[in-house]
Amino acid sequence: GLEPALSGSKIAQNLPARWFAVMCSSPMIHASLVLLLLSLLMFDPIQGLDTSCLPPALQPVPVSERRNITIGGESMPLGIVHGDWASALLEYNIYAILVGEKLGLKTQSLSVDSSLKTMFAIAGCRCVANGNCVSDPQCGSTQLLEWHIGFGAWQSYSASVLQYVQQHFPSDFPTLLGDIGYPARDGLWLQQQSLDRAFNEFRLPLEYYKTYSMGKDLSVLFSAILDIPSNRLMPCAYTNLNNAVEIEEYIDFTGDVAGVVNEGGALRAVCHFGHWWLAPTCRHDFSKCIPVITGGVGWGIKQWMLKATKYGLPLAIATVANYSQYTSLPFEFRTIMYWWYPDTLFVKVGPSEIIFPPHSSVEWASGNTQTAAKDDAVRIWASKRLEESRDDGVAKVVEIARRFKLSQQQMGQLLIEFVNKTESYAARNLSLTDNEVAYSVSCIWLKQHPDIWEPWLPSATQCLHGQGLVDDRQVFLRNFSFAARCSWCGVGNYSEQFEDTYICLPCQAGRFSETLGLTSCAACALGEFTGSVGSSKCEPCPIGTYANASSRASCERCHDRASISNAAYVHDHGLTTQHRRSTSYSDCGCMRTTYRSMDDKNDCVPCPPKVVCLAGSSQNTSTGAPPYIEIGYMAVEFENRIHTFACRGRTCEGSNGSRNLFQPTGNLNQATMCDSLSKGIACAECEDGAFFDDIRCQPCSSLGISSRLRGLSVARHIFTVMCTCLWLYYLSMFPPRPVLIAFFGFVGLMQKVVVVQESAMPLPS
């Protein structure tokens, strides 16, 4: 176990071989040399002292030869954000050493105090560096992200951040690379000495909850509750035993009215000796109670009360006065303790968790916590922009993070070593930060367990998803023959798994890829197609065709579904579309100057004279716009054919302005062709009460005063004629005078002409 420490020591690596030869040849100082070597062996690899952690046999990349990664055309170190607790520090250091010394990449790190901040940093939110992430996350920044990989984020504490980013900044939503491998959980834990004694003396497994309800007096295995000084405990009034909401839920699920008290209308847990709540099983004899210690203001206290009552566990529950008491009491007294994993606090006492019935999400959602708490996941995340980079180094960084796995046993060993190292450095008066201790532990672990982490590293021909095997000439291969390395799949291709690597294959017809390194080909959208293999884009369906499904290698022709009865119409008057990229047969319509007949399904019929048919016109208005007739004409349907007529005057303009030829039902829309006073073919007839005035039919009421005036004028002329006739008759009684007769005859003729001229008007029938 000392050899890895020596191999990582900068001092040991730089001792000249000649100096060793001289020293070893002198027997006088042989003993001094031994003492010197022993002192060198005491050195641990500490960050800042060693240029590298891994020994030369593992070929680490020197610091001077490490490079930045490239994202968005900019060069920068790989940014790793992690929690400041022991397990997260250990995970980060193991990963950072591998990235630096095996991939040859520069790194920078950010230590945060919560999973929430880890996720905000990975999502590009600036609050982590300068702000309050709860009140002002400062997300959605357009600046280039500097934090790319996040370690140690607990899923339950990350959920709110993920929901916020997904809702408000979906383009920055990070990529989940996987779980660390071990579960994170909280619960009731036992020290190993209590477990061993119970098994040796009673042959009972204390780690199983049913053991406590078997009638055995197990209190002899634990400290008495009154042996724990009360000044080291928090009074009940300041803990969740005084939380009315939690106590009401406890009563709802247990009915233990003797365990609570109503004070001023609010329920409180019954408090014994000022600090303890006793379960029903041992409430009558507190000496039989087993002490349970929790922290904060009563972490999980309702959960343990409910479990104790439901399963008959003889528990007495109390909260410590402060965190210092929480860390010390379990070492001084034999108790059951509330704890969470992974954590270093009690790891050295070898705690084991009490096993309760499996978690029920339905019961927990209702507030019933009688089953075990749900295991939490510790996850690794990557920023969205890191995943989009095509830097080979970035791809390997992501792949190592995906393969990074530590079991619960492995993490437990690392945590124990972390505690041991911390105590060792303190004994030697060495002041090291937690991160420096974690680096030392991680470095030794990496030297001792290459069998665990070497499979995390992709080999030269172990391609990443998005890459494929190539030979020395950069020709893509479909097997390992002549394979030299990996390369990103080009446009028109995608990456597919082949044994334990990937190969590049062309996209099939109907699919495409337009960027490098894609893991699958995208389907051509509706209205698009590509008929060739290895396409980088899809083409829109041309005029006269459509694609009503994705991934189409060709487009359907409108004619292929049309049953055209008249072959002459196929070329000149067949179905077509009005634009490219049509997505349905319903987009197919008749060409200009034709319309789709309702009687002859799918036939395109030529438009009659004076009827206007735009492209897509249809007698059935649900499949296209109806044709319309020109102003001054009307249409009449006869034997399924449409005949047009020139209208009389301006009677065919339609009172409502509509000139559509067909109604929505497909019937001829004659009602809108004549104005309101006209009717019949060519709108040549006037309705009753109307007359034609050479332009259109007018209501008789429009005659008005002018007609009466004309009547008076006619009467005047008739009176004049009668008078003239009487005068001529008088003259005939006397000898005629030819000149006067001719003169007055001419005057009478002129008067008749005037009468006829002024009386030339249309009279109502």
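**Note on aromatic pairs and a helix crossing**

1. Buried means under 20% relative accessible area, exposed means over 50%, and partly exposed lies in between (1.4 Å probe, protein chains only).

2. Before going on, a word on the source: this is a predicted model, where local features need pLDDT of at least 70 and side-chain atom pairs count only at pLDDT 80 or more, while totals for chains, interfaces and linings use all residues. Residues are numbered from 1 along each chain as its sequence is written, and side-chain values use heavy atoms, with hydrogens and water left out.

3. How many aromatic pairs does the structure hold? There are 30 aromatic pairs. One of them is Tyr326 with Phe346, an edge-to-face pair at 5.8 Å centre to centre and 70° between the planes. Tyr326 sits in helix H12 (residues 323–332) and Phe346 in the loop between strand S12 (336–341) and strand S13 (352–353), so this pair links distant parts of the chain, 20 residues apart. Tyr326 is buried too, at 1% relative accessible area.

4. Phe346 also pairs with Phe331; this pair is tilted, at 5.6 Å centre to centre and 45° between the planes. Because Phe331 lies in helix H12 and Phe346 in the loop between S12 and S13, the pair ties together parts that are 15 residues apart in sequence. Phe331 is partly exposed, at 44% relative accessibility.

5. The terms, for your notebook: rings of Phe, Tyr and Trp (its six-membered ring) pair if their centres lie within 6.5 Å; planes under 30 degrees apart are stacked, over 60 edge-to-face, and the rest tilted. Helices (H or I, at least four residues) and strands (E, at least two) are DSSP runs, numbered from the N terminus.

6. Tyr326, Phe331 and Phe346 belong to one aromatic cluster, whose members also include Trp299, Trp304 and Trp340.

7. Which charged residue lies over the face of Phe356? Lys307 does, at 5.3 Å from the ring centre. Likewise, the charged end of Arg203 sits over the ring of Phe199, 5.0 Å from its centre. Here NZ of Lys or CZ of Arg must be within 6 Å of the ring centre and within 35 degrees of the ring normal.
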